[in-house]
Amino acid sequence: MDVIIVGAGIGGLTLALMLHRRGISARVYESASEIRPIGVGISVLPHASRELCELGLREALAAVAVTAQESCFFNRFGQFIYKEPVGTFAGYEWPQFQIHRGDLQQILYRTFIAEAGADRVITGRRCVRVDQGNGVASAVFAIGGRDDDTETVEGLAVIGADGIHSQIRRQLHPGDGGPIYSGVNMWRGVTRWKPYLTGASYVRAGWLTHGKMVIYPIRNNIDSDGDQLINWVAEVETPDHDRQDWNKQGRLEDFISYFDDWHFDFLDVPAMIRAADSILEYPMVDKDPLDRWSFCRITLLGDAAHPMYPRGSNGAGQAILDARALADALAENADAETALKLYEDKRLAATAQVVRTNRTTPPDAILREVYLRSGDKPFDRIEEIISAEELAAITNSYKKVAGYDKQSLEAKRVA
């Protein structure tokens with residue numbers, strides 16, 4: 001029987017491909033009417049990049065992504081704070097890819113259907129209920145958005161990879177509640193712009209109280225002038241927020257005043273923002289970690305299991321790691337219930353730690369420390385504010401929590 005995967009996002013498609021490579025039949029059901037590239041940029045850090053490279057996707061990713069060289073931190077006055085090499089430039093075997101979410105999704109989708117068949121991904125199917133019994137799991141889908149037109153599909157197991165507003169999570173945990181607002185609102189966009197710094201630099205600048213930016217290129221040479229597609233995120237502490245919607249249109253006038261004077265020597269930030277193709281708005285939210293994901297033949301994966309703040313560039317990466325752990329468990333255990341429990345045992349505590357760390361001390365906590373110690377004023381020398389050792393300790397600690405420090409990845413290779 002098929003493993004039924006609900007959701008054709010990064011996690012769901014990665015799992016489907018991994019299962020197929022292990023000889024396990026999988027079918028993916030997606031609520032959207034078609035698989036089309038939506039969203040903006042994401043980072044694929046070395047722990048997740050490793051998994052995608054082992055699927056043979058390295059060349060395909062490198063062809064459409066920007067292979068990051070460095071991660072840099074600045075204050076809101078454009079003063080340099082700290083930088084470190086990343087991916088292969090830091091000695092990892094696997095790159096750090098900066099990529100449009102839609103590009104990554106399309107690579108996974110096309111690879112999966114090329115190998116497994118186009119009928120393995122069914123669109124226009126919104127999951128309304130899951131059930132199990134007599135050695136099977138089932139999912140009920142509304143067809144084409146019509147609640148009065150449904151179909152029931154049975155399989156070996158049902159995997160809820162249906163995102164932060166997961167219907168399956170709501171059914172398994174009816175008292176879970178909605179997303180928890182962080183107090184930070186975000187505006188995201190992509191802009192066609194000239195390369196800055198190395199042309200492959202991931203930049204974080206400012207702090208949430210007076211405006212913070214995350215900026216990185218996600219496509220190279222998009223025109224004859226050698227411009228790049230630059231992904232940017234503006235983050236501002238604000239009491240106002242709305243239900244998370246990845247496609248809610250944002251308004252420039254709601255946030256541009258925080259960044260109007262950000263004229264750095266390597267980038268005119270307000271000009272870049274104003275030149276965006278489009279702007280999306282949504283709140284920074286997460287959910288408290290659950291005490292369990294797996295209920296016999298039903299489990300959760302990715303944002304459905306552990307939605308986290310987009311700090312540390314690690315959300316998609318954790319979904320990919322979930323997929324690897326679940327695919328391995330199903331391949332190594334004939335009993336699906338046992339496999340799903342082993343998967344939970346491996347990933348639940350690890351992802352809970354990432355959720356909590358993203359709330360307190362992700363890599364951008366570097367910016368918070370400088371903001372507090374400098375009194376949000378320009379400094380003469382960063383060494384008078386904070387030492388290089390303290391800065392390195394913050395980012396290295398996060399790598400260990402998220403599982404992409406070199407020691408952890410090397411240990412996995414040996415195992």
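Modeller: Contact means heavy atoms within 4.5 Å. Helices (H or I, at least four residues) and strands (E, at least two) are DSSP runs, numbered from the N terminus. This is a predicted model, so local features need pLDDT of at least 70 and side-chain atom pairs count only at pLDDT 80 or more, while totals for chains, interfaces and linings use all residues. Residues are numbered from 1 along each chain as its sequence is written, and side-chain values use heavy atoms, with hydrogens and water left out.

Colleague: Which residues of H2 and H7 meet?

Modeller: From H2 come His47, Ala48, Glu51, Leu52 and Glu54. Facing them in H7 are Gly317, Gln318, Ile320, Leu321 and Arg324.

Colleague: At what angle do helix H2 and helix H7 pack?

Modeller: Axes are lines fitted to C-alpha atoms, for helices over the stretch in contact, with angles from 0 to 180 degrees between N-to-C directions. For H2 (residues 46-54) and H7 (residues 315-332) the angle is about 50°, and the axes are 8 Å apart. Under 35 degrees is roughly parallel, over 145 roughly antiparallel, 65 to 115 roughly perpendicular, and the rest oblique. H2 and H7 are therefore oblique to each other.

Colleague: How do the axes of helix H1 and H4 cross?

Modeller: The axes of H1 (residues 10-21) and H4 cross at roughly 30° and come within 9 Å. That makes H1 roughly parallel to H4. On the H1 side, the contact is made by Ile10, Leu13, Thr14, Ala16, Leu17, His20 and Arg21. On the H4 side, the residues include Arg101, Leu104, Gln105, Leu108 and Tyr109, and also Phe112 and Glu115.

Colleague: How many salt bridges does the structure hold?

Modeller: A salt bridge is a side-chain nitrogen of Lys or Arg within 4 Å of a carboxyl oxygen of Asp or Glu. The structure holds 36 of them. In one, Arg120 pairs with Asp2, and the closest N and O atoms are 2.9 Å apart. Arg120 sits in the loop between helix H4 (101-116) and strand E8 (121-122), and Asp2 in the segment before strand E1 (3-6), so the pair ties together parts 118 residues apart in sequence.

Colleague: Are Arg120 and Asp2 buried or exposed?

Modeller: Buried means under 20% relative accessible area, exposed over 50%, partly exposed in between (1.4 Å probe, protein chains only). Both Arg120 and Asp2 are buried. Asp376 and Arg76 form another salt bridge, with the closest N and O atoms 2.9 Å apart. Asp376 is in the loop between helix H9 (365-374) and helix H10 (388-402), and Arg76 in the loop between strand E5 (70-74) and strand E6 (80-85), so this pair ties together parts 300 residues apart in sequence. Asp376 and Arg76 are both buried.

Colleague: Where do Lys341 and Asp345 lie?

Modeller: Both are in helix H8 (residues 336-360), 4 residues apart, which is about one turn of the helix. Lys341, at 40% relative accessible area, is partly exposed, and so is Asp345, at 47%. Elsewhere, salt bridges that share partners join Arg22, Arg50, Glu51, Glu54, Arg324 and Asp328 into one network.

Colleague: Which residues of H9 are buried?

Modeller: They are Ala365, Ile366, Leu367, Val370, Tyr371 and Ser374. The elements that cover them include E5, E6, strand E14 (201-207), strand E15 (211-219), H8 and H10. After H9 comes Gly375, which has a positive phi, near 70°.
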